[in-house]
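Here is a quick tour of one protein model, written for someone who would rather look at side chains than at tables. Keep the viewer open as you read.

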Amino acid sequence: MKVNSTDIFLAMKSALLKRKVASLIKQLFGILVLTFLFFACSSDDGGSDKTSDYYFKASLDGKKINFYNVNFQGGGNDNRFEHIVVAGFEAPYPTKIGEQLPPSLDFEIWRTGGDIKAGTYTTPQEPEMIARYAVQTANGTVVYNTSAADDIFTVKIESISKNGIKGTFSGKVRNLDSGKAIEIKEGTFNLPYEEIVNP
């Protein structure tokens, strides 16, 4: 029997191809198993990330809200906080042009030349403090705020630094046109400085 070198070459090529295919299948299977294990072992925490320890939440007229796109900003001279703002939206910020903004809540305190530290701040005793709740409509923005002298809004700051701010808040904001008030209770916040939380 005569053995042709072409037959030997084809047999070797076929064996090599089978080994490569088997190796590739083993690698794909390994990747598939690792992917499955990774997703099976990850926790389902509602989409939270490293900012899960941070929050801005309250109850507005009995409706509990965990605000989105929350930010704490502030500034002043000589590393002091002469001005702070904490703000967030009731729902995620729109991603498409023309979408209406969700309602927002914010409060800000000014102490020009002073220093905002841990403590209690209340309207109307703080002349440069305001809280606002804004609702966007097709006809414009409906604003509820603490401009009415008999409405009290209190912010208790437990800690404040360039690392972040933590505290509680409650009170009333009022629409001056309609006279309607919104009661804000159980307000709590723990936020990093100048970093968006819960985007």
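Does Asn 145 count as buried or exposed? This is a predicted model, and in it Asn 145 has a relative accessibility of 12%, so it counts as buried, the cut-off being under 20%.

## Around Asn 145

Asn 145 sits in strand E8, which covers residues 140-145. Setting aside residues up to four places away in sequence, it touches Ile 130, Ala 131, Arg 132, Val 173, Arg 174 and Leu 176. Its side chain also reaches the backbone nitrogen of Ser 147, at 2.8 Å.

Ser 147 belongs to the loop between E8 and strand E9 (153-161). With 45% relative accessibility, Ser 147 counts as partly exposed. Beyond its neighbours within four places in sequence, Ser 147 is in contact with Ile 130 and Leu 176. Ser 147 and Pro 124 are 23 residues apart in sequence, and their C-alpha atoms are 8.3 Å apart in space.

## The nonpolar core

The largest nonpolar core has 32 residues, and Phe 56 and Phe 169 touch the most other members. Among the elements that give two or more residues to this core are strand E1 (55-60), strand E5 (104-110), E9 and strand E11 (181-192). As general background, nonpolar side chains tend to be buried together in soluble globular proteins.

Phe 56 and Phe 169 turn up again in an aromatic cluster, together with Phe 67, Phe 107, Phe 153 and Phe 189.

## Aromatic pairs

The count of aromatic pairs comes to 13. One of them, Phe 81 with Tyr 193, is edge-to-face, with 5.8 Å centre to centre and 75° between the planes. Phe 81 lies in the loop between E3 and E4 and Tyr 193 in the segment after E11, so this pair ties together parts that are 112 residues apart in sequence. Both Phe 81 and Tyr 193 are buried.

Phe 107 and Phe 153 make a tilted pair, at 6.4 Å centre to centre and 45° between the planes. Phe 107 is in strand E5 and Phe 153 in strand E9, 46 residues apart. Phe 107 counts as buried at 1% relative accessibility, and Phe 153 is buried at 0%. Elsewhere, Lys 57 lies over the face of Tyr 55, at 4.9 Å from the ring centre.

Mean pLDDT for the protein is 83, and 74% of its residues reach 70 or more. Over residues 28-51, pLDDT stays under 50, and the model has five contacts beyond four places in sequence for this stretch. Where pLDDT is low, the predicted coordinates should not be read in detail.

Technical notes:
Residues are numbered from 1 along each chain as its sequence is written. This is a predicted model: local features need pLDDT of at least 70, side-chain atom pairs count only at pLDDT 80 or more; totals for chains, interfaces and linings use all residues. Side-chain values use heavy atoms; hydrogens and water are left out. Helices (H or I, at least four residues) and strands (E, at least two) are DSSP runs, numbered from the N terminus. Buried means under 20% relative accessible area, exposed over 50%, partly exposed in between (1.4 Å probe, protein chains only). A polar contact is a pair of N or O atoms within 3.5 Å; within protein, one must be able to donate a hydrogen and the other to accept it, and residues adjacent in sequence count only if both atoms are side-chain atoms. Contact means heavy atoms within 4.5 Å. pLDDT is the predictor's confidence in each residue, from 0 to 100. A nonpolar core is a set of buried Ala, Val, Leu, Ile, Met, Phe, Trp, Tyr and Cys residues joined through side-chain atoms within 4.5 Å. Rings of Phe, Tyr and Trp (its six-membered ring) pair if their centres lie within 6.5 Å; planes under 30 degrees apart count as stacked, over 60 as edge-to-face and the rest as tilted. A charge sits over a ring if NZ of Lys or CZ of Arg is within 6 Å of the ring centre and within 35 degrees of the ring normal.
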